[in-house]
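Colleague: Hi, I'm new to this one. Could you walk me through it?

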Amino acid sequence: MKKFKLFSALFILFAGLLSAQKIGVVDTNYILSKLPQYKDAEDRLNAQITNWQTEIQTLQSEFDKKKLLLENERVLLVGDQLKQRQKEVDDLDKKIKTMINNRFGSLGEINNARSNLTKPFQDQIWNAIKTVSEKNSLGIILDKSNNISVIFLEKRYDYTDKVLDLLLKNSVNKRTESPNRPARSSDEMRTEKAKALQDSRGGKAMEQARKTTK
C-alpha cells in the first residue's frame with residue numbers, strides 16, 4: 001500500500017512537471033526523407049547494394065551449374081578428380097555464404113554503411129531541433145518516429161516543418177558559401193528553398209490525408 005501511494009505521488013508530480021513544460025512533437029523520419037543530400041547519399045548506397053546483389057546472384061548461378069554438373073558426372077569421377085571437383089563446389093558455396101554474411105548480415109557492410117550515412121544527418125536534425133526548441137521555449141520534444149504513437153496532434157504542437165525549414169535554409173546557405181560552386185542570386189535561393197518546402201509540405205499533406213481516410 002505504501003509503495004502504491006509513493007508511486008501515485010511520483011506520478012502526480014511527474015504529470016505536474018509535464019503540464020508546466022511546453023511540449024512539441026517532430027517526425028525525424030519524415031525530416032530525414034526530405035533532405036536532398038540524404039536522398040542522394042541513399043541512392044548511391046542503394047546502387048551499391050544492387051551491384052552486390054547482382055554479384056552474389058552471378059556466383060549463385062555459377063555454383064548451381066557446378067553442383068549440377070558434379071552430380072551428373074559423379075559416377076565418372078574417381079579419386080583426386082572427385083575430391084578436386086567437390087572442393088571447387090564447396091569453396092564456392094563457402095565464398096557465397098561468407099559474402100552474404102559480410103555484406104548483408106547484422107554486422108555487415110550495409111548496416112555499417114547505413115549507420116555512417118544517417119549519423120551526420122541525425123546530428124544536423126538534432127542541432128536544428130535544439131535551435132527550434134530554444135526559439136519556441138519548448139521544455140520537451142517528442143519524436144513520433146521513435147516508437148511513439150500519436151493518436152491526435154494539434155498542428156501548433158507539431159514542429160516538424162519548422163525543423164525542416166531550418167535545415168533546408170542551412171543547406172542552401174552552405175551550398176552558396178561553397179568556394180567550388182558559383183554564387184547564386186537571392187532569387188535563385190528563394191526559388192530553390194520554396195520548391196523544397198513545397199515538396200516537403202505536399203508530401204506531409206498527403207501523409208496526413210492517408211491517415212485521415214484510414
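Modeller: Happy to; we can go through the helices, the cores and a loop residue. Keep in mind that this is a predicted model.

Colleague: Great. At what angle do helix H3 and helix H5 cross?

Modeller: The axes of H3 (residues 36-73) and H5 (residues 109-135) cross at roughly 175° and come within 10 Å. Angles over 145 degrees count as roughly antiparallel, and that makes H3 roughly antiparallel to H5.

Colleague: Which residues in H3 and H5 meet?

Modeller: On the H3 side they include Tyr38, Leu45, Ile49 and Trp52, and on the H5 side they include Ile110, Leu117, Thr118 and Phe121. The residues of that contact divide into nine nonpolar, three polar and three charged.

Colleague: You mentioned Thr118. Why does Thr118 count as buried?

Modeller: Its relative accessibility is 14%, and buried means under 20%, so Thr118 counts as buried. Thr118 sits in helix H5. Leaving aside neighbours within four places in sequence, Thr118 is in contact with Leu32 and Tyr38.

Colleague: OK, changing topic. How many residues has the largest nonpolar core?

Modeller: The largest nonpolar core has 23 residues, and those with the most contacts inside it are Leu35, Ile125, Val163 and Leu167. Helix H2 (28-33), H3, H5 and helix H6 (160-177) are the elements that give two or more residues to this core. The largest share, seven residues, comes from H5.

Colleague: And Val163, what is Val163 in contact with?

Modeller: Apart from neighbours within four places in sequence, Val163 is in contact with Val26, Ile31, Ile125, Ala128, Ile129 and Val132. There is also a second, separate core of nine residues, which includes Leu59, Phe63, Ile96 and Met99.

Colleague: What about helix H4, which residues are buried there?

Modeller: Val89, Leu92, Ile96, Met99 and Arg103 are buried in H4. What covers the buried residues of H4 includes H3 and H5.

Colleague: How far apart are the end C-alpha atoms of H4?

Modeller: They are 37 Å apart. At 1.5 Å a residue, the 26 residues of H4 (residues 79-104) should span 38 Å, so the two values agree.

Colleague: Last one: where is Ser137?

Modeller: Ser137 is in the loop between H5 and strand E2 (140-143). Its phi is near 55°, a positive value in a residue other than glycine. For background, most residues other than glycine have a negative phi.

Colleague: Is Ser137 buried or exposed?

Modeller: Ser137 is exposed, with a relative accessible area of 56%.

Methods. Residues are numbered from 1 along each chain as its sequence is written. This is a predicted model: local features need pLDDT of at least 70, side-chain atom pairs count only at pLDDT 80 or more; totals for chains, interfaces and linings use all residues. Side-chain values use heavy atoms; hydrogens and water are left out. Axes are lines fitted to C-alpha atoms, for helices over the stretch in contact, and angles run from 0 to 180 degrees between N-to-C directions. Helices (H or I, at least four residues) and strands (E, at least two) are DSSP runs, numbered from the N terminus. Angles under 35 degrees count as roughly parallel, over 145 as roughly antiparallel, 65 to 115 as roughly perpendicular and the rest as oblique. Contact means heavy atoms within 4.5 Å. Ala, Val, Leu, Ile, Met, Phe, Trp, Tyr, Cys and Pro count as nonpolar, Asp, Glu, Lys and Arg as charged, and the others, Gly among them, as polar. Buried means under 20% relative accessible area, exposed over 50%, partly exposed in between (1.4 Å probe, protein chains only). A nonpolar core is a set of buried Ala, Val, Leu, Ile, Met, Phe, Trp, Tyr and Cys residues joined through side-chain atoms within 4.5 Å. The expected span of a helix is 1.5 Å times one less than its number of residues.
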